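Trainee: I'd like to learn how to read a structure like this one. Could you walk me through it?

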Amino acid sequence: MPDSAATRAGTPGAGPDPVVEMTDISISFPGVKALDGVGFRMFPGEVHSLMGENGAGKSTLIKALTGVYGVDAGEIRLAGEKVRFHNPAQAQAAGISTVYQEVNLLGNLTVAENVMLGREPRRLGGIDWRAMRRRAAEILEGLHLDIDPGSLLNSHSLAVQQLVAIARAIDVQAKVLILDEPTSSLDVEEVAELFRVIRSLKERGVAILFVSHFLDQVYEISDRLTVLRNGQFVGEYLTEELLRIDLVQAMIGRELSTLEEIGTKVHSADRDTSQDATPVTFLAAKAVGRKGAIAPTDLTIGAGEVVGLAGLLGSGRTELARLVGGVDRTDTGQLTVNGSPLRLRTPRQAIKHRIVYSSENRRAEGIVDELSVRDNIVLALQADRGWFRPIPRKRQDELAASYIEALNIKTPHADALVKNLSGGNQQKVLLARWLAIAPRLLILDEPTRGIDVGAKAEIQKLVYSLAENGMSVLFISAELEEVLRLSHRIVVLRDRRKVADLPNDALRVDDLLAVIAEGASEPELETGAAS
Amino acid sequence: MSAVSVPTSGVGRLWSRTVDVFTSPKSGPVLVTAVLFVVMFLAGGARYRGFLSATTILNLMVSYSYLIVLAVGMSFVIISGGIDLSVGSVLALSTIIAARLLQFGWNPIVVILLILVITSVLGLLVGLMVHVFEIQPFIATLAAMFLARGMCYIIAKESISITDPFFSWMAKTRIILGYRMSITPSVVIALVVLAIAVWVLQYTRFGRTTYAIGGGEQSGMLMGLPTSRTKVLVYVISGFCSGLAGVLYAFYTLSGYALTGVGTELDAIAAVVIGGTLLTGGYGFVLGSALGVLVLGLIQTMITFEGTLSSWWTKIFIGALLLVFIILQKVLTSRRA
């Protein structure tokens with residue numbers, strides 16, 4: 001186990017004093033020691049990335065700094081002075097502002113209010129709406145965000161909402177700005193825009209804490225890295241002095257060769273099967289579509305085949321998946337399963353046909369926070385059996401135990417509440433729930449979003465082995481590498497219609513990007529796939 | 001969703017803007033209510049002699065000034081995502097406290113102040129139950145409802161009439177606005193309360209925090225807003241308004257009775273919902289709630305004018321209207337989600 005005296009790289013000799021210094025921070029939750037003697041510091045004008053797998057304690061550390069959680073032990077110093085925040089308002093008043101992973105804004109209020117709430121300009125004892133809108137418009141302009149500050153926030157896309165959240169944080173005149181996964185819902189241009197803003201804030205001397213699962217982004221923007229693992233401090237490094245491979249190793253803690261092995265195994269084995277003849281068609285969709293969601297689209301999925309859906313955010317990936325999974329009704333077209341036509345009105349009917357949709361929205365449409373790991377795992381199976389035939393407790397325990405072991409779910413015990421698990425483990429619980437009903441077609445919508453490298457590799461491996469055992473998988477991910485690695489065939493969507501259906505042989509990310517970007521005319525596509 | 005292509009002509013732009021305003025979950029329902037009110041008023045005027053006049057509206061305000069005050073308090077609670085079932089009982093409680101204490105010969109001003117303190121404290125207790133013990137507002141206010149109703153019977157089982165000169169003066173005084181147009185002081189009080197409420201909700205941090213809680217309490221808390229204080233205060237306001245409404249009701253009826261105001265909480269909720277406030281919180285205008293009261297009153301008046309219909313038809317119309325509005329809200333919010 002690493003002691004806190006581990007790597008402390010690059011203490012600037014004559015440099016500025018740290019603006020934030022957290023020492024020996026410990027926080028416990030029922031059954032979990034979330035942080036154990038962790039140290040963390042931030043310097044003015046520096047971007048400091050907090051790295052670690054899910055469950056490493058990043059979120060907990062951030063919440064300790066922002067006053068959401070109290071600390072059990074240890075101290076926090078802000079500009080040399082010892083502080084203790086009891087709520088986020090105090091931290092904010094002290095100059096620490098935060099943009100959380102989920103957009104924590106108020107959709108029912110205007111954009112201007114969301115930027116300014118809590119420090120509205122006042123006139124004659126009341127809020128001065130005109131000044132507020134003007135001020136908000138200035139800030140948004142500084143972010144090159146051209147939206148009406150008087151419009152309701154929830155009339156805008158998630159990416160815009162994220163930028164509004166950042167606009168809010170910037171306006172607080174923060175000394176410390178915490179960005180927790182700010183880029184997960186942004187596209188490439190928006191990320192570039194965000195980084196431009198971050199750099200200008202750096203010049204103003206703001207200390208920025210940056211959390212992201214995208215290593216490229218971390219290396220592009222950050223000056224310093226701190227790695228946590230299982231609630232413990234692993235080390236602090238200067239970005240330029242740390243090789244990526246060493247970083248990943250520090251984060252995962254196991255020998256990197258193991259990870260590479262997983263990677264290559266999936267990859268090479270994948271290559272083998274892609275040589276096989278076309279598999280028997282399990283599901284065929286003919287011109288299925290839904291007004292306002294996706295144009296009529298053809299889609300076939302063979303037994304034991306992994307079909308990847310690629311496309312940008314909003315290209316209709318999720319919409320198509322929801323039609324196939326019976327979540328939304330189709331307006332047009334016909335689904336055929338094993339040769340017989342099928343009309344799906346509810347997910348329940350889909351499940352009866354062993355077609356399962358696992359939502360991208362893990363928290364709201366996936367796990368049930370307040371139930372135990374065991375209850376979450378047996379949920380779909382029980383619902384499928386009908387509530388008048390309860391699954392015997394013994395059988396439930398067996399099921400839970402077997403999936404916890406098979407999927408390597410990190411939980412203290414099967415009775416732990418799912419909300420206390422990390423994102424990656426919650427995702428595994430969700431997978432276990434669907435696997436328990438032995439699906440024929442598993443639709444995975446962004447199963448690896450927001451989870452760490454290790455869990456990601458495990459899930460990829462799992463998908464691969466499921467397909468090998470004859471299960472069909474429709475796999476959606478924003479990460480093209482992942483789609484390429486897992487899929488036998490890739491369907492590319494753009495602007496809510498299908499633009500290509502490519503067999504995955506020797507496809508490269510660049511090829512795929514080109515198709516997504518250009519919507520490639522057919523002949524070009526052929527040559528692209530053939531080369 | 002529907003990306004409206006910006007029309008170039010002025011008329012087209014005005015039209016798309018109008019469509020936008022009417023389909024926004026924020027302003028849509030209240031505008032529909034306003035249109036409905038005007039249409040009902042004109043239809044009534046076409047059908048009944050003497051209906052289409054300011055007198056009709058002023059009479060409504062005289063009869064329903066207490067309900068306007070109740071609806072104001074209820075708006076705060078519902079916008080914050082809660083509900084207050086106790087307002088009818090608290091109204092009854094304050095009429096009966098007033099009647100009994102005046103019977104003892106207390107000074108009417110002292111009585112009124114005492115009532116407002118008692119009902120505010122009751123609201124405070126409800127707010128603390130909701131906030132500190134995290135009891136659902138439905139349950140906490142249900143408890144308060146039974147408590148207040150029970151206390152009414154402890155004070156007096158029978159109806160007590162009020163003979164106090166100040167109360168009588170308030171009941172009889174008419175402020176003349178023009179030919180056959182007059183209002184009572186109660187209407188002035190209700191309108192002042194309404195004006196203050198509009199200002200508080202729109203122009204104070206407390207008011208905006210109330211909306212924030214309705215929109216997402218967790219988010220509001222993370223944004224550093226004083227959500228706990230606001231949540232408790234919302235119930236204090238509702239308690240205060242119920243007390244004041246009770247006083248206005250006592251002015252109006254010159255009596256106190258344990259059985260008054262049974263079901264009035266539902267009238268207040270109906271008025272708030274018809275006035276465009278979302279039952280799940282986060283959207284709504286207090287002016288809309290006042291408009292909702294007038295719509296309810298107008299239905300009642302029209303049925304009276306009709307003459308042949310039983311007064312139960314009022315309930316049926318209100319029920320149907322509520323249903324329409326709740327569906328409308330559902331459609332508007334899901335479209336924007």
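Mentor: Let's go feature by feature, with the idea and then the case here. This is a predicted model, where local features need pLDDT of at least 70 and side-chain atom pairs count only at pLDDT 80 or more, while totals for chains, interfaces and linings use all residues. Residues are numbered from 1 along each chain as its sequence is written, and chains are lettered from A and ligands numbered from 1 in the order in which they are written.

Trainee: How many helices and strands does chain A have?

Mentor: Helices (H or I, at least four residues) and strands (E, at least two) are DSSP runs, numbered from the N terminus. Chain A comes to 19 helices and 22 strands.

Trainee: And how do I read a sheet? In what order do the strands β14, β13, β16 and β17 of chain A lie?

Mentor: Strands of a sheet pair through backbone hydrogen bonds, either parallel or antiparallel. Here, two strands count as paired if DSSP finds at least two bridges between them. One open sheet in chain A has 4 strands in the order β14-β13-β16-β17, with antiparallel pairing. β14 (294–302) and β17 (340–342) of chain A stand at the edges with a single partner strand each, so one side of each has no neighbour in the sheet. From one strand to the next, the twist averages 20°. Zoom in on β16 (residues 332–337) of chain A: 3 bridges join this strand to β17(A), antiparallel, and V337(A) has S340(A) as its bridge partner.

Trainee: Which strands are at the edges of the 6-stranded sheet?

Mentor: That open sheet runs β18-β19-β20-β15-β21-β22 in chain A, with mixed pairing. Its edge strands are β18 (355–358) and β22 (497–503) of chain A, each pairing on one side only. The twist there averages 15° from one strand to the next. Strand β21 (residues 489–494) of chain A is joined to β22(A) by 6 bridges, running antiparallel, and R489(A) is bridged to P503(A).

Trainee: Which helix lies across β15, β19 and β20 of chain A?

Mentor: Helix α16 (residues 453–468) of chain A lies across β15 (306–310), β19 (441–445) and β20 (472–476), at about 150° to β20(A). For such angles, axes are lines fitted to C-alpha atoms, for helices over the stretch in contact, and angles run from 0 to 180 degrees between N-to-C directions. Contact means that the C-beta atoms of two residues, placed from the backbone, lie within 7 Å.

Trainee: What about burial? How many residues of helix α10 of chain A are buried?

Mentor: A residue is buried if 20 or more other C-beta atoms lie within 10 Å of its own, exposed if 12 or fewer, and partly exposed in between, with C-beta atoms placed from the backbone. In α10 (residues 317–324) of chain A, 8 of the 8 residues are buried, so the helix is largely enclosed by the rest of the structure. Those buried include R317(A), E319(A) and R322(A). After α10(A) comes G326(A), with a positive phi near 75°. Across chain A, buried residues make up 47% of the 531.

Trainee: Where is V429(A) found, and what does it touch?

Mentor: V429(A) is in helix α15 (residues 423–435) of chain A. V429(A) is buried, with 29 other C-beta atoms within 10 Å. Not counting residues up to four places away in sequence, V429(A) touches I367(A), V373(A), N376(A), I377(A), I409(A), V418(A) and L421(A). The C-alpha atoms of V429(A) and V418(A) are separated by 8.2 Å, and these two are 11 residues apart along the chain.

Trainee: Which residues touch the most other members of the largest nonpolar core?

Mentor: A nonpolar core is a set of buried Ala, Val, Leu, Ile, Met, Phe, Trp, Tyr and Cys residues joined through C-beta atoms within 7 Å. The largest has 166 residues, and V69(B), L70(B) and A71(B) touch the most other members. Helix α3 (residues 54–79) of chain B gives the most to this core, with 15 residues. A second, separate core of 72 residues includes L320(A) and W434(A).

Trainee: Last one: how many residues of chain A are in contact with chain B?

Mentor: There are 20 residues of chain A in contact with 24 residues of chain B. On the chain A side, α2(A) gives the most, with 3 residues.
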